[in-house]
Amino acid sequence: MDRPLSLIATVDKPTSDYRVHRCSFHPDRKDPYLRLSTVTIFVRDLHRSLRFYVDQLGFHVAFNTEVPSGDRQLLIAPPDGTAMLALVSPKPDSEEYKLIGGSTSVVFLTDDVFAKFEEWRNRGVRFHHTPKSEISGATSTSFEDVDGNVFTLLRHEEMTGEIDEQRRAHLQRLESDGRVAQELDFARQVQARLFPQGQPALATLECAGTCIQARHVGGDYYDFLDLGRERLGLVIGDVSGKGTAAALLMASLQAHFHNQCASYWSRPFTPFVLEQPERFLRSVNGLFYENTTEEAYATLVFAEYDDKLRRLRYANCGHLSAFLVRDDGQLERLDSTCTALGLFKEWNCVVEERSLRPGDTLALYTDGVTEAFNGAGEEFGEQRLIEALRQHCALPSRLLLDRLLQHVRCFTSDEQYDDITLVVAQCK
């Protein structure tokens with residue numbers, strides 16, 4: 001039987017045989033991925049050897065399980081690198097048993113052989129000699145495990161320089177990641193301030209909304225807009241894209257809505273001027289179209305609520321259907337009335353109207369709610385949202401919102417993959 005292969009880790013640098021291993025994947029490589037996995041070491045007693053490698057050498061257990069044959073598969077690994085030692089306890093009458101003890105031809109690389117020598121010797125590891133330097137620039141020593149298997153501990157100048165280079169690169173990555181994390185956290189705080197900081201005060205409507213982002217920032221948007229003359233604008237939207245790019249588009253869209261609010265009633269209605277909210281939404285669409293790329297768009301629902309008349313005039317711009325649950329439990333869907341914002345410069349806005357009665361509940365949401373899925377890949381879906389609405393619609397708006405979120409979270413897996421945004425409004 002062949003002797004175990006040498007555990008010398010290398011990197012892609014042809015000038016030397018002694019180089020620190022980089023556990024990296026090269027995306028420019030077209031050939032199949034390949035690396036050294038395990039080297040077999042034959043031992044007499046698995047438990048005793050495991051204690052030696054873990055307690056005295058500081059290795060960790062990579063794999064420890066019983067295979068169908070009844071034998072135990074035990075893999076251990078040093079703190080750095082990717083190759084592992086497979087500890088195998090052969091039967092005393094086997095050929096493999098005769099391989100226990102003697103040289104393994106396995107070499108462990110370190111950047112400070114003297115420090116490692118002192119550390120392991122103080123833990124009771126038996127060395128053959130103190131580290132010796134060679135003309136080639138290498139310094140090495142050899143040691144035994146509890147079964148007399150002999151290993152080499154090696155340091156080489158070029159390999160040490162490689163380690164120092166990798167440590168500097170790693171430190172730079174850590175510092176860069178830290179800066180990115182701080183910037184993202186700041187961006188999250190900034191975007192959080194773009195959402196409503198309180199609930200609107202109306203005589204006949206109670207509202208609540210929330211946005212729970214899957215990442216630090218996202219493209220979901222909701223708002224409560226003071227349109228004047230006892231009217232409130234309710235908005236929920238989903239901007240195309242994910243992450244930072246979507247967040248920037250969301251901030252742009254929010255700015256357009258707020259800028260146009262000041263002029264909501266500045267132009268009186270005439271037969272030649274569009275009535276609100278058509279004119280308002282056309283203006284927002286024009287600004288969003290001019291200030292974004294061709295690929296950018298936003299689906300949204302905009303509703304103007306008249307607090308005195310209890311009248312809801314809305315436009316569903318390519319968004320998911322809003323749900324209006326009447327006081328008797330009947331459901332009305334506020335389906336799409338026009339296309340998404342930002343796709344066309346000349347955009348036709350269609351508005352529909354509903355009258356609300358005390359006890360009616362309106363729910364606006366993004367696809368992060370209905371498309372949230374569980375461990376089996378099943379989506380939460382519209383029907384579960386509707387059932388939860390009917391079950392809890394008697395609660396105050398803030399409690400209703402919390403209960404709806406609770407239903408979604410209890411259904412889904414631990415990881416959130418998309419922004420979850422909900423707005424509920426109850427006619428008092």
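## Aromatic pairs, a sheet and a patch

F52, Y53, F59, F108, F117, W120, F127, F143 and F151 come together as one aromatic cluster. Keep in mind that this is a predicted model, where local features need pLDDT of at least 70, side-chain atom pairs count only at pLDDT 80 or more, and totals for chains, interfaces and linings use all residues. Residues are numbered from 1 along each chain as its sequence is written, and side-chain values use heavy atoms, with hydrogens and water left out.

**Exercise 1.** Work out how F127 and F143 pair, and whether each is buried or exposed.

*Solution.* Start with the rule: rings of Phe, Tyr and Trp (its six-membered ring) pair if their centres lie within 6.5 Å; planes under 30 degrees apart are stacked, over 60 edge-to-face, and the rest tilted. The whole structure holds 20 aromatic pairs. In the F127 and F143 pair, the centres are 5.7 Å apart and the planes sit at 55 degrees, which makes the pair tilted. Next, place the residues: F127 is in strand 6 (residues 126-127) and F143 in strand 8 (residues 138-144), 16 residues apart. Strands here are DSSP runs (E, at least two residues) and helices are too (H or I, at least four), numbered from the N terminus. Last, check cover: buried means under 20% relative accessible area, exposed over 50%, partly exposed in between (1.4 Å probe, protein chains only). F127 has 13%, so F127 is buried; F143 has 0%, so F143 is buried too.

**Exercise 2.** Find which parts of the chain F195 and Y222 tie together.

*Solution.* First, the geometry: this pair is stacked, at 5.3 Å centre to centre and 15 degrees between the planes. F195 lies in the loop between helix 3 (157-192) and strand 10 (205-212), while Y222 is in strand 11 (residues 220-228), so the pair links parts 27 residues apart in sequence. Then the cover: F195 is buried at 8%, and Y222 is buried at 6%.
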